[in-house]
Amino acid sequence: YDVGEIDGKAISYTDFQADVDKFTTINEIMTGSSVSNEETQISIRNAAWQSLIDKHLFIRNAKAAGINVGEEEIVDILSGVIDSPVFTQNPVFCDENGNFSKEMVLDFINYLNSDETGRLKIYWDYIQESAKTQQFYSKYMSLFTQSNFKNPLMLVNEIAENNNTFDVEFVMVPYTYPRDT
C-alpha cells in the first residue's frame, strides 16, 4: 500500500491521499470551484508529494544542518514584520488595488472562528506551514548565496590561473603621433 519512498521512509497510500485531499480542499478554496480536469489533479498530487518531500527530507535535513525557523519568526511573518511571498502575494490578503494588507490578514483570522465548515482553518494551517517551509528554503538558499565555498576542483583551477606569468614589452605611442604612410 506504499506509493513511494522518501529518504528510505515508505510513504503509505493513506498518508499520501490525506495530503491530496488537503490540497484538493485548498485548491477549491483558492479557486472557488471543484477540481474537474486531469491537469489540476496532477498539479494537486505533485503539490502533495512535494509537501511530503519537504516534511520528510528537506526540513529534517535543514534542521540537522542547524537551520531553524522559530515561533518568533512565524509571528513576525504573520504580523508582516518579515515579508513572506506566501502572504504578500496571496490574493486573499490583498486589497482591491492588489496590495498586501495586514488588515485583510487580521480579518481572515477573525473570520476563522465563525467558519463552521472548518475549510478556512485548513487553508490557514496550510498558509502558515507554507510560510514556515518558505522561510526554511530562504535560509537554506542564503547559505549558498552568502557563502564563499570552493570545491577542490575550483580551488585547483584558481591556483593554476593565478600562477601564470607572462613577460610582455610595451611601446607607448601617443595618440597624436603622426602616422607613417
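Me: Which side chain meets that of D125 in a salt bridge?
Reply: This is a predicted model, and the pairing is read from its side-chain atoms. The N to O distance of the pair is 2.9 Å, against a cut-off of 4 Å for a salt bridge. The side chain that meets D125 is that of K121.

Me: Are D125 and K121 buried, partly exposed or exposed?
Reply: Buried means under 20% relative accessible area and exposed means over 50%. D125 has 35% relative accessibility, and K121 has a relative accessible area of 43%. Both values fall in between, so D125 and K121 count as partly exposed.

Me: How many salt bridges does the structure hold?
Reply: Side chains of opposite charge can pair when their charged atoms come close. One of the pairs here is E158 with K150, at 2.4 Å from N to O. E158 is partly exposed at 33% relative accessible area, and K150 is partly exposed at 33% as well. The total for the structure is six.

Me: How many residues apart in sequence are the parts that the pair R119 and E28 ties together?
Reply: The side chains of R119 and E28 meet in a salt bridge, with 3.4 Å from N to O. R119 lies in helix α6 (residues 119-145) and E28 in helix α1 (residues 13-31), so the pair ties together parts of the chain whose separation in sequence is 91 residues.

Me: What is the nearest side chain of opposite charge to D54?
Reply: D54 lies in helix α2, residues 38-64. D54 is buried and has no salt bridge. The nearest side chain of opposite charge is 9.8 Å away, while a salt bridge needs a nitrogen within 4 Å of a carboxyl oxygen. That side chain is K22.

Me: Which residues is D54 in contact with, leaving aside its neighbours within four places in sequence?
Reply: Contact here means heavy atoms within 4.5 Å. With the neighbours within four places set aside, the contacts of D54 are I59, T133 and Y137.

Me: Which element gives the most residues to the lining of the largest pocket?
Reply: The largest pocket has a volume of about 310 Å³. Of its 13 lining residues, the closest to the centre are F23, S51, D54, E129 and T133. The elements that give two or more residues to this lining are α1, α2 and α6. With six residues, the one that gives the most is α2.

Me: What is the phi of D7?
Reply: Strand β1 (residues 2-6) and strand β2 (residues 9-12) pair in the antiparallel sense over four bridges, and I6 has K9 as its bridge partner in β2. The two strands form a hairpin with two residues between them, and D7 is in the turn. D7 is partly exposed, with a relative accessible area of 48%. Although D7 is not a glycine, its phi is positive, at about 55°.

Me: What distance separates the C-alpha atoms of E73 and L155?
Reply: E73 is placed in helix α3 and counts as buried, at 18% relative accessibility. Not counting residues up to four places away in sequence, E73 touches N68, I82, Q135 and K139. L155 is 82 residues from E73 along the chain, and their C-alpha atoms are separated by 37 Å.

Me: What distance separates the C-alpha atoms of V92 and M30?
Reply: V92 lies in the loop between α4 and α5 (102-112), and V92 is partly exposed at 33% relative accessible area. Not counting residues up to four places away in sequence, V92 touches M104, F108 and Y123. V92 and M30 are 62 residues apart along the chain, and the separation of their C-alpha atoms is 8.3 Å.

Definitions and conventions. Residues numbered from 1 in each chain as written. Predicted model: local features only at pLDDT ≥ 70, side-chain atom pairs only at ≥ 80, totals over all residues. Heavy atoms only, no water. Buried < 20%, exposed > 50% of the residue type's maximum accessible area, 1.4 Å probe, protein only. Lys, Arg positive; Asp, Glu negative; His and termini not counted. Pairing = 2+ DSSP bridges. 1 Å grid on protein atoms, 1.4 Å probe; cavity = no way out; pocket = protein on both sides within 12 Å on 5 of 7 lines; lining within 4 Å. Points joined across faces, edges and corners; volume = space filled by probe spheres on them.
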